Each structure stands twice: as structure tokens, then as C-alpha cells.
Amino acid sequence: MSQQKTVSFKRPVLRGTLQVPGDKSISHRAVMLGSIATGKTTITGFLDGEDCLSTIGMFQKLGVTITREGTNVVVESPGIANWETPTEPLDAGNSGTTARLMLGILAGASVTSEMCGDQYLSKRPMKRVTDPLSMMGADITSEGQTDYLPLTIKGAILQAIDYNMPVASAQVKSAILLAGLQAKGITSVTEQAVSRDHTERMLMQFGAKVEQSGKTIRLQGGQQLTGTDVVVPGDISSAAFFMVAAAMVKDSEVIFEKVGLNPTRTGILDVLQSMGVTITVLDEKGFSGERYGDVKIQYSPLQATEIGGDVIPRLIDELPILALLATQAEGRTVIKDAEELRVKETDRIEAVATELRKLGAVIETTEDGMIITGPTPLTGGTLQSYGDHRLGMMAAIAGLITSEPIHIDNPSCIAISYPHFFEDLANLVKQ
């Protein structure tokens, strides 16, 4: 019998300040590059969610010493050339980032390993990564379909490639660049639309030289990384759920402290502004190429908008919660060019539409997105999370505006990216 969580509020208002957990993308990469590098890496603000802990577990099985105290992590590595062959499978859990980036890293490492994942990750396609890696000479095999985990990776001598990305995916781009770090020659990746660039920024932070010209990134193979200090800002993808809540719950005002403001991730702010939301950046700072700041979101009457094109890679993880917001906006909101949502933790296009329709939302699905008509009063009901943390959080935020309680099946998946989500929600709500 699945676990269930009930969310019920009477005329709530959101007020206060919130510092969301550390950025998941940056936390993953800090551990990965710290483990590839020689020497000591100190990470502060690390996201201690299940996905990032899966990444730590993998490197510990490869012989990297990693100690963790809450959100502080120390990585002490002998360098990728001195990793140990693991004696058991490397388990990526539910984390697509862990699996896809690790395929790139392990392709050129001097170890043989098997990678597996949970029931949800095992249904997510890996071919988009294994194909370009095979072009580089990677030896990745499976007893079943090579498009899915589990996979066996035998470290090989890799050759650089010039790769034109067929889809906008930071995971695919990062896997190729991390393989290119160990390849002979200069690897180049050209994107159709700019995706999140945390890997490029962090490679430079660890001492690598990365060249960028337009939408093309180049990396010389054979560069050595050196351990360093990494500060992880708050995850804007996690903050997005409470940003939307503040925008659509009358009289709300929330300040988000030290949230990441990397321009490849701030599409959520652009869309909120296009819908009429009042946003104020109170303070903006930077470190090692990553920017962060304090952002104030205030309730505003909402207008429908169109979300598509180059903004999609900058807010792909925020589209489920934006769909909820669109149900409260005046007019027809169109989400398009978001085919990538169909190969996330679940088919998020169908799942979002199915669950919000249960509440009375007017949603039409398309091949690459959704059309949502509002404003629509939402009722209560039981919503499925599909084991997808983003859908679980969307369901909880819906409970702020529904006329009856929301019951969430399998809410524990939210801990994948936001272990203290429900405590933060309770602290912000004033009734």
C-alpha cells in the first residue's frame, strides 16, 4: 500500500523568507569533478537529497574518499587514473543526471563497472548518451537493450569528436565533455539551444581550459583537474515551486535567499514576469562563474503566456509547476517545444495533464507540450506522484488553491531533490 500525504489549507497566505536546498545540478558536478581531480575538494551548501547521495555512493565504490556532514562535503581523490574497480554495481538510484554523466566519465576511466538504477530510471533512455560516446570509442554493453540500464562500461581509449546536438540536453552535453576530458584531441559540442552550463563553468573552476564560441564548446583532452573549494547556491528549480505559490496565492510575498541566478537556469523568472508577476532581485553576487542573489516574489493577477523556443532548456524542470500556475491565469497558456518532458522521470506532459484534470483544470496535450485555459477553480482529490519529485511538489502546491484537500500518493519521492519540502511549506503558510 502506497504512502500518502494530505495537504489542506484554509485561505492561506505565504509570507517570509526561504533558503531552498543547494542546487542539485551543481552538487552532482562538484562531487564528480572533485572525484576526477587529484587532491582535496571542499563543497559547502551541498544538496543532501537522494539523487546527489547516489552520486556520492558511486564514487565511494570507485575508491574515492568522501565524507559528509549535513551540507558540507569533503572529497579526497587519488585522481581518475587511480580509481579502483568496483566490486558491486554502481547504483544511480532515480538520478538521470548521475547515470548519464557517469557514462561519460566511466567511458574513459581505467575500470570496468556495471551501472544500474531504480525501476523508474531503468525505463529512461540512455541511447542519446551511449550513441555519441560509442562514436568516441566507448565500450558500453548490455545483456538487454543498450538504450536502458543496467549497462556495463569497460574503460577504453577515447577519440575526440565534433558533435552536433540533436536535442537540447545539458546531460548529453556534459557526458560528452566529461568523456572528452579523457579523449585524444579536441572535443567539440554544438547545441541547437543553449542548455544549462554548470559543467563548463565548473570544469574551469577545477583548472580546465574550456573554449566557447556561440553555441559551440571545445575541450582539449588530457587536461588534469585539481581539487578546489565549491560553494553551491540555492536550487532555483526547487525555489520555483514556492515562487509559483507566492505568485498565485493572494496577498503573498516571499523572499528567496541566496538562490542561483545562472542565466541558463532563470527562464522561470522570465516566464513569471511575462505572466505579470512582480519580481525584485534584491541582491546579486557571484563566485567562480556562478551567480546567486536574493529574489522577492509577490502575488499578482496572472495573464496567460506562450512558453517555447530557446527558453525551454532554461526551465525544463519547472514546466510542471508552471502548468499549475497557468490554470490560474487569464487566457490560454501554450507550452511548446518541450518534447524532452516525455523522457523525464515519467512522461511529464501526460502525467501533469492527467493529474491536474482530476482537479478540474482545462488542459489539452500536444506532441510537444500543453495548452491550458484559465482561470479555473480547482477542486481537491488524490494525485499520483509517479515517483517523480517534481510532480509530487506540484501536487502539494496545488493544495494551496484547491477547495478541498489534496492527497498525494508516494510523496516520499520529493526527498530526491528537496528533503525538507513540507517543513518549508508549513513555515511559509500563514493562516
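A pocket here is an open set of grid points where a 1.4 Å probe fits, with protein on both sides within 12 Å along at least five of seven lines. All the views below come from a predicted model.

**View 1. The largest pocket.** This pocket holds about 640 Å³ of space. Its lining takes in 38 residues, and those closest to the centre are Ala168, Ser169, Ile316, Glu340 and Lys344. Helices H1 (24-36), H3 (96-107), H5 (170-180) and H11 (389-398) each give two or more residues to the lining. Sort the lining by class and you get 17 charged, 12 polar and nine nonpolar residues.

**View 2. The second largest pocket.** Here the space comes to about 310 Å³. Look for Gln19, Val20, Gly22, Gly45 and Val232, the closest to the centre among the 19 lining residues. By class, this lining splits into nine nonpolar, seven polar and three charged residues.

**View 3. The buried side of helix H12.** H12 runs through residues 421-428, and its buried residues are Phe421, Phe422, Asp424, Leu425 and Leu428. They all sit on the same side of H12, because they cover an arc of only 160° around the axis. As a reminder, an α-helix has 3.6 residues a turn, so residues three or four places apart point the same way.

**View 4. Threonine 87 out on a loop.** You'll find threonine 87 in the loop between strand E5 (72-78) and strand E6 (90-91). Threonine 87 counts as exposed because its relative accessibility is 78%, and the cut-off for exposed is over 50%. Alanine 338 is 251 residues away from threonine 87 in sequence, and the two C-alpha atoms are 40 Å apart in space.

Terms used
Residues numbered from 1 in each chain as written. Predicted model: local features only at pLDDT ≥ 70, side-chain atom pairs only at ≥ 80, totals over all residues. Heavy atoms only, no water. Buried < 20%, exposed > 50% of the residue type's maximum accessible area, 1.4 Å probe, protein only. Helix = DSSP H or I, 4+ residues; strand = E, 2+ residues; numbered from the N terminus. Arc of directions from axis to C-beta. 1 Å grid on protein atoms, 1.4 Å probe; cavity = no way out; pocket = protein on both sides within 12 Å on 5 of 7 lines; lining within 4 Å. Points joined across faces, edges and corners; volume = space filled by probe spheres on them. Nonpolar A, V, L, I, M, F, W, Y, C, P; charged D, E, K, R; others polar.
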